[in-house]
Amino acid sequence: MLAQALWRRNLKIDYDLCSDNKHAMRPIKFIELARRMAVLFRGDPAGVRSIVSRAYYGTFHEARLLIEELGYPVPRTENGHRFVQVRLLNAGNDHARTLGSLLCHLHERRKKADYDLEEAAYESENFMVEAIARTDRAARILDECCAEPARTEIQTGIAQYHARINSPGG
């Protein structure tokens with residue numbers, strides 16, 4: 001029931017606000033897939049775990065696009081996840097900090113869903129619903145991050161963070 005309610009919600013979120021839509025695969029497609037799967041695979045342990053993973057990756061790639069559009073290439077390795085999180089957490093903007101925190105939380109949940117196969121709690125409807133709800137919240141905050149003046153504040157904050165970590169003794 002909760003999964004169907006999530007699918008039917010008509011959220012007015014522009015997941016591609018920062019994106020130039022030149023990419024063949026748009027991150028929103030992961031989030032849309034997670035929503036469809038929430039209806040189709042409710043109660044299926046592998047389905048629930050996959051939903052959490054897709055929701056995270058959709059959110060991560062949207063945040064990655066923002067960071068890259070601000071001028072900071074994200075490593076295409078496992079370090080890319082932490083790179084995006086740390087830039088958002090240290091951007092000096094409340095929206096970015098909240099987005100970074102949500103992304104960290106979703107990343108941890110995704111790892112639990114993908115790797116902790118012995119824990120049945122990661123197969124529950126509540127686990128899935130919470131992941132989708134956090135994804136929705138992250139999308140709304142991402143919209144705020146992409147709008148001025150937050151976008152410029154975030155870009156400036158990341159530049160200051162880079163100056164601190166690249167300075168001698170930083």
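## Helices in this predicted model

Helices, as the word is used here, are DSSP runs of at least four residues, numbered from the N terminus.

## How α5 and α6 pack

Two packed helices are described by the angle between their axes and the distance between the axes. Here the axes of helix α5, residues 94–115, and helix α6, residues 125–146, come within 9 Å and cross at roughly 150°. Because angles over 145 degrees count as roughly antiparallel, α5 and α6 are therefore roughly antiparallel to each other. The crossing in which α5 passes α6 is left-handed.

On the α5 side the contact is made by H95, A96, T98, L99, L102, H105, L106, R109 and A113, while α6 brings F127, E130, A131, R134, T135, R137, A138, I141, L142, E144 and C145. Sorted by class, the residues of this contact of α5 with α6 comprise eleven nonpolar, four polar and five charged.

## The cavity

Rolling a probe the size of a water molecule over the atoms shows where empty space is left. In this model the count comes to one cavity of 30 Å³ or more, and the largest cavity holds about 50 Å³ of space.

Ten residues line the largest cavity, and those nearest its centre are T59, E62, A138, A139 and L142. Helix α3, residues 45–69, and helix α6 each supply at least two residues of this lining, with α6 giving the most, namely four residues. By class, the lining has six nonpolar, three polar and one charged residues. Two of the residues nearest the centre of the cavity, A138 and L142, also belong to the α6 side of the contact with α5.

Technical notes:
Residues numbered from 1 in each chain as written. Predicted model: local features only at pLDDT ≥ 70, side-chain atom pairs only at ≥ 80, totals over all residues. Heavy atoms only, no water. Axes fitted to C-alpha atoms, helices over the stretch in contact; angles between N-to-C directions. Parallel < 35°, antiparallel > 145°, perpendicular 65-115°, else oblique. Left-handed = near helix turned anticlockwise from the far one by under 90°. Contact = heavy atoms within 4.5 Å. Nonpolar A, V, L, I, M, F, W, Y, C, P; charged D, E, K, R; others polar. 1 Å grid on protein atoms, 1.4 Å probe; cavity = no way out; pocket = protein on both sides within 12 Å on 5 of 7 lines; lining within 4 Å. Points joined across faces, edges and corners; volume = space filled by probe spheres on them.
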